[in-house]
Amino acid sequence: MGGTEHLTVRREGATLVLTLNRPEAKNALSISMLVGLYDGWIEADEDDGVRSIVLTGAGGAFCAGMDLKALAGQGMAGEHLRDRLKADPDLHWKAMLRHHRPRKPVIAAVEGYCVAGGTEILQGTDIRVAGESATFGLFEVRRGLFPIGGSTVRLQRQIPRTHALEMLLTGRPYSAREAADIGLVGHVVPDGGALGKALEIAEQINACGPLAVEAVKASVYESAELTETDGLAAELKRGWPIFDTADAKEGARAFAEKRAPDYKRA
């Protein structure tokens, strides 16, 4: 199991929990964190025992965005990993889920600050839970910068365009309740409860057929930009083979026998 000084990895049953672990900097992205994130996504993709991923942050914050000093190489932690960035110039975009989509569902558990790069990573996750005091926002324009982590493309596809443009153009903070109202997050829970709720959702996913879960996730994203006709054709192509899998047969047996399916055996 991987991990770095700024990214911890642990297993909770069939869930891989990735924790941004730089609380003294509100989990601002560093070289160590980006490398750890990328390795975590790959570990989840390659391990069939992992059926879901939870992404969270340590110390009451999710992520306050990019640490520009760290990426510029000004003596920050993680210098020993800089060769990983040189070897793969796209690694940081994969780590931030801009250029990589894990096969397994990713659930974000957000407490505290989830701003700038934090909100950009959030858009690469599939299901989102926030504590009541969480703060969201894309602050880049206030600093004369551009939210280049994918927000000008993704945000308008995930929430109504008028809300996306307001968030992008004002750079103002959004409360968890407001983020839920516009559809950026799906659940708002009492502070300190985001991780517990995310793990609860993960367990519900883990109890389902893993091949079906992966195929459903892939179909949703694949068909998002297709016409309805093309999307339905793509869905049939991806979904029909699932009916002939061991998972499907185990699911049918379990239903007939009125028991929980054992997909590990299937």
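A salt bridge is taken here as a side-chain nitrogen of Lys or Arg within 4 Å of a carboxyl oxygen of Asp or Glu. The structure is a predicted model, in which local features need pLDDT of at least 70 and side-chain atom pairs count only at pLDDT 80 or more, whereas totals for chains, interfaces and linings use all residues. Residues are numbered from 1 along each chain as its sequence is written, and side-chain values use heavy atoms, with hydrogens and water left out.

The model holds 18 salt bridges. One of them joins the side chains of lysine 94 and aspartate 88, with an N to O distance of 3.0 Å. Aspartate 88 is buried, its relative accessible area being 18%; buried denotes under 20% relative accessible area, exposed over 50%, and partly exposed the range in between (1.4 Å probe, protein chains only).

A network of salt bridges links Glu250, Arg253, Glu257 and Arg259. Within this group, the side chains of glutamate 250 and arginine 253 meet at 3.1 Å, N to O. Both residues belong to helix 12 (residues 246–256), where they are three residues apart, about one turn of the helix. Helices (H or I, at least four residues) and strands (E, at least two) are DSSP runs, numbered from the N terminus. An α-helix has 3.6 residues a turn, so residues three or four places apart point the same way. Glutamate 250 is buried, with a relative accessible area of 0%, whereas arginine 253 is partly exposed at 36%. A salt bridge also forms between the side chains of arginine 259 and glutamate 257, at 2.5 Å from N to O. Arginine 259 is partly exposed, with a relative accessible area of 30%, and glutamate 257 is likewise partly exposed, at 48%.

Strand 4 (residues 106–110) has five of its five residues buried and is therefore largely enclosed by the rest of the structure. Cover is found on both faces: Val106, Ala108 and Val110 are buried on one side, and Ile107 and Ala109 on the other. Strand 4 pairs in the parallel sense with strand 3 (residues 52–57) over four bridges, where two strands pair if DSSP finds at least two bridges between them. In this pairing, isoleucine 107 of strand 4 stands opposite valine 54. Strand 4 also pairs with strand 6 (residues 127–131), again in the parallel sense and over four bridges. Valine 110 has alanine 130 of strand 6 as its bridge partner. Strands of a sheet pair through backbone hydrogen bonds, either parallel or antiparallel.

An open sheet is formed by three strands in the order 5-7-8, with mixed pairing. Its edge strands are strand 5 (113–115) and strand 8 (174–175), each of which pairs on one side only. Strand 5 and strand 7 (residues 135–137) are parallel and are joined over three bridges. The bridge partner of valine 115 is glycine 137 in strand 7.

In helix 6 (residues 151–158), the buried residues are Ser151, Arg154 and Leu155. Seen down the helix axis, the buried residues of helix 6 fall within an arc of 100° and so line one face of the helix; the arc is that of the directions from the helix axis to the C-beta atoms. These buried residues pack against helix 5 (117–122) and helix 7 (161–170), contact being defined as heavy atoms within 4.5 Å.
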